[in-house]
Amino acid sequence: MARIYGCHYELWDLNPLLGVLHEVAVQKPKDLDVASLLRQMQMSKETFVPKWRKLDYWFHEDFHQLLFRAWGFYHSLMDEYSKRLLVVPLLKVTRHFSYDDVQRQKLSKSPKAVQRVQALLKSDWKRKFFHMLEEEIIEVLKKLYEYQRYSPEHESSPPADVKYTVKAGVDTMSEKLEEEADILVTSPPYLQSHEYIRRAKMDLFWLGFSEEEIKRLSELEIPYRDVPPHRIRSEMYWKLRDRIDAHHLRRTFDNYFWAVVGALERLGEMVSSHMFLFVGRASMRGRSIPIDQIVVHCVTLTCLKSLPTRELALASCLSGVLCSLLLFVCVYLKLIYQKARALQQFLRIHLGLPYQPMAESNCHSQPACKRRNIRKLEMIDKKIIPRPPFPYTYQP
Ligand SMILES: C[S@@+](CC[C@H](N)C(=O)[O-])C[C@H]1O[C@@H](n2cnc3c(N)ncnc32)[C@H](O)[C@@H]1O
C-alpha cells in the first residue's frame with residue numbers, strides 16, 4: 001500500500017520468501033505467452049534437486065522427475081519477468097503434489113494429504129500439474145493488473161520513484177532502523193501457534209536454500225529462541241504468567257514478550273508518529289493470551305517515560321500535594337463566598353431590601369464562558385497542551 005500511495009517503505013522478515021514475494025508484487029504486468037512458457041518447461045532438460053534429506057518423506061517418488069525438471073527449468077530461466085510470474089504458481093503446485101496438509105498451520109503430513117496424493121497418482125497427474133500451473137500463472141497476472149488499479153490516480157501505475165528497502169531473512173532482534181520512520185506496522189507471531197520457518201521450509205528448499213541456512217533461520221524465530229530478559233510492565237502479563245505451570249511454556253511465553261516488547265520499544269524510538277500492531281487470537285493450553293493489550297500497555301508506558309522514574313515519582317507527588325492544597329483553598333473560598341451571599345440575601349430580606357437571586361453556578365451557556373471553553377479546545381487542538389508522543393489507541 002505504501003508504494004501505491006508514493007510513500008517510502010522498508011520491509012523486514014526473518015523469512016527469505018518476503019524478498020521473492022515482494023519482487024513478484026511490484027513487477028509491472030505485461031502480456032506473457034503462458035502456453036509457450038509451459039511448453040518450454042515440458043521440453044527442458046535442466047534439472048534441480050533440492051538439498052533436502054527428507055525429500056522422499058514429503059514427495060512420492062513418481063513425482064520426483066517431474067518436479068526436478070520443472071524446478072530445473074525455473075532456475076535456468078534468464079528472463080526475470082517469466083521467472084517472477086512462475087515462482088508462486090510453481091511453489092503452490094509443488095505443495096499440492098506433496099504430502100503436506102495445506103490446511104494445517106505447520107508443515108505436517110496428514111491422512112487427508114496422503115489420500116490427495118493417492119488420488120493424484122491414479123489420475124493423469126502430469127497433465128494436471130501443467131494445467132494447475134497455467135491457472136495459477138493467469139491468477140498472478142490478474143492480481144498484478146489489479147494491484148496497479150489500486151493506485152489513487154487509477155490510470156497511472158504506482159509511482160516508480162518510491163524508495164524502498166527489503167530485508168528478507170533478517171532478525172528483527174538485531175536489526176536497526178537507520179533513518180527515522182513516520183509509522184511502523186507490524187504483525188508479530190501468534191505466540192507458539194505457528195512455526196513460520198518450518199511452514200516455509202518446503203518452499204525454501206525448492207528455491208535453493210540449504211538445510212544449514214534453514215536451520216539457522218529456525219533458530220532465530222520468535223518465540224522458539226532464547227532472548228535476554230526484558231522488563232515487562234503489564235499486570236496482565238504477570239497474572240497470566242503465574243497461571244502457566246509447565247516450565248517450557250513459561251519460557252516460550254517469556255521469550256515471546258521479551259522479544260516483541262523489547263524490539264518495539266527499541267525501534268519505537270525511531271518512529272515519529274504511529275505504531276500499528278496486527279494481532280490475531282493466540283492462546284496457550286486453551287487459555288487466551290491478549291497479546292495486543294500486553295504489548296500496547298508496555299509500549300505506551302515506555303513512550304511516557306521521558307522523565308527518569310525517580311523524578312517522575314517526585315514530580316507526581318509534588319503536583320499531587322499542590323493540587324490538593326489548591327482544591328482545599330478553592331472549596332474553602334467558595335464556602336465563604338456562599339455564606340456571604342446567603343447572609344447578604346438574609347439581610348436583604350429581613351431589612352426589606354429587594355430580592356436578588358444568586359448567580360448561576362453553571363455558566364456554560366453564557367457567552368463569556370462559551371468563548372473560554374472554545375479557547376480551551378483550540379489550545380488542545382493546537383497541541384499547546386502537551387500529549388504523549390505516540391497517541392496509541394486501542395479498541396478491543
Ligand atoms: C504473524 S506473521 C506476519 C507476517 C507478515 N508480516 C504479515 O503481516 O502477513 C509473523 C512473522 O514474524 C516473522 N518472525 C518471526 N521471528 C522473527 C525474527 N526473529 N525476526 C524477524 N521476523 C520474525 C515470521 O517469519 C512471520 O512472517
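Select A70 first: setting aside neighbours within four places in sequence, A70 is in contact with M41 and L90 (C-beta atoms, placed from the backbone, within 7 Å). The model shown is predicted: local features need pLDDT of at least 70, side-chain atom pairs count only at pLDDT 80 or more, and totals for chains, interfaces and linings use all residues. Residues are numbered from 1 along each chain as its sequence is written.

A residue is buried if 20 or more other C-beta atoms lie within 10 Å of its own, exposed if 12 or fewer, and partly exposed in between.

Now proceed to L191, in the loop between strand 3 (181–186) and helix 8. Helices (H or I, at least four residues) and strands (E, at least two) are DSSP runs, numbered from the N terminus. Phi of L191 is near 50 degrees, a positive value in a residue other than glycine. Is L191 buried or exposed? L191 is buried, with 21 other C-beta atoms within 10 Å.

Finally, select R285, in the loop between strand 5 (283–284) and strand 6 (287–288). The phi of R285 is also positive, near 50 degrees, but R285 is exposed, with 9 other C-beta atoms within 10 Å.

Notes:
Contact = placed C-beta atoms within 7 Å.
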